[in-house]
Amino acid sequence: MLTASPMFVAWNYTYACNFNCIHCYSRARSYPRELDTADYRAIADQLADVGVFRVGLGAGEPMIRRDYLEILARMGKRSIDTYMTTNGWFLTGETAKRLVDVKLGRLFVSLDASTAAAHDEFRRRSGSFDRVVSGMKAAVKAGLKVKLSTVVTRVNFHDLPKIVTVAEQCGIEGIAFNRFRPVGNGHATADILTLQGGQERNVQSVVAELNANSPLDIALFYNAEDDGGIDYGCQCGIRSLTLRPNGDIAACGFAEIVIGNMKKDDIGRLWRESPILARMRAGARACTGLKPDKSPLGEGYAPPPRHRSPSASGVPLKDA
């Protein structure tokens, strides 16, 4: 049965990022102009008004925008369950305490290898592994619920057990192993990152075993179809929608399809009446994000946009 509004909204909070990871789906040659804080307040209110249950901030690096704490707090006060995905660079004891204060529901931290050398190369940022590890420990100490977010690729699928060991040592609660999408920077690296048939079967078996034997909550989000097992299937247009920094409402964060804009459209009405969503719900649940494309913006991969001056976290954003 179709709900009155999406249960979950993935909010691509900003495309600005201090990293340029080799697999990143959101890298493009140019980006639409982001809305300002007043517009973001209005979006948060509309999401609450229509009854959205959960909102996740992600895309580039959410902590780069000065207003991320304010908007998280605003949604939390309206009983929206919030989470955020971060590359961990700005995650310190201070920022972790502020995230606790705004009642963040869960923090996902990206980690793609069990060693500093491999992770830093994948993320194209020296020192990023050490910051992830120290940041996760600080977040756990502050009282946040923390999980790892790991993109499974041909270069790290053999490393999954050791990644679990790192997570256990940091004291976090779980790991989300996610499928690589051949868009954005991933369009250029698909030949070296995409798992092959035998490797896919191996990953499913390994993750199931890890989940059975580890105290962590470990999940694999891989297949587009809902097989009733360790993968929950594609929820785009079924239970979720994606918002982009310019207010565009998309059915999927990995594809170009736009169904409206938060500045002029009611997201609840679009959810119920959009002909695009109706066709998606009536057809096969194939994942559009698995179709190789240059980016969800249709403009190709490129270095990330320049980041802004210091954010509300108080952490300097100048590259180290």
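Predicted model: local features only at pLDDT ≥ 70, side-chain atom pairs only at ≥ 80, totals over all residues.
**Asp 81 and its partner**

I started with Asp 81, which comes out partly exposed at a relative accessible area of 27%. I then looked for what the Asp 81 side chain meets, and found a salt bridge to Arg 54, at 2.7 Å from N to O. Arg 54 sits in strand E2 (residues 54-59) and Asp 81 in strand E3 (residues 81-86), so this pair ties together parts 27 residues apart in sequence. I checked Arg 54 too: its relative accessibility is 30%, so I put it down as partly exposed.

**Other salt bridges**

I ran the search over the whole structure and got 14 salt bridges. I picked a few to look at.

Asp 112 pairs with Arg 123, with the closest N and O atoms 2.5 Å apart. Asp 112 is in the loop between E4 and helix H4 (116-123), while Arg 123 is in helix H4 itself, so the bridge ties together parts 11 residues apart in sequence. Buried or exposed, I wondered about Asp 112? Asp 112 has 2% relative accessibility, and the cut-off for buried is under 20%, so it is buried. Arg 123 has 7% and therefore counts as buried as well.

I also noted Arg 65 with Asp 67, where the closest N and O atoms are 2.6 Å apart. Both of these residues are buried.

**Strand E5**

Next I went to strand E5, residues 146-152, and found it mostly covered, with 7 of its 7 residues buried. I sorted the side chains by direction: Val 146, Leu 148, Thr 150 and Val 152 point one way, and Lys 147, Ser 149 and Val 151 the other.

Which strands pair with E5? Strand E4 (residues 106-110) runs parallel to E5 and is joined to it by 4 bridges. Strand E6 (residues 174-179) also pairs with E5 in the parallel sense, over 6 bridges.

**Thr 189**

I finished on Thr 189 in helix H7 (residues 185-193). Its relative accessibility is 11%, so I logged it as buried. A polar atom of the Thr 189 side chain lies 3.3 Å from the backbone oxygen of Asn 185. Leaving out residues up to four places away in sequence, I listed Ile 22, His 23 and Phe 180 as what Thr 189 touches.

Technical notes:
Residues numbered from 1 in each chain as written. Heavy atoms only, no water. Buried < 20%, exposed > 50% of the residue type's maximum accessible area, 1.4 Å probe, protein only. Helix = DSSP H or I, 4+ residues; strand = E, 2+ residues; numbered from the N terminus. Pairing = 2+ DSSP bridges. Polar contact = N/O pair within 3.5 Å; in protein donor to acceptor, adjacent residues only side chain to side chain. Contact = heavy atoms within 4.5 Å. Salt bridge = Lys/Arg side-chain N within 4 Å of Asp/Glu carboxyl O.
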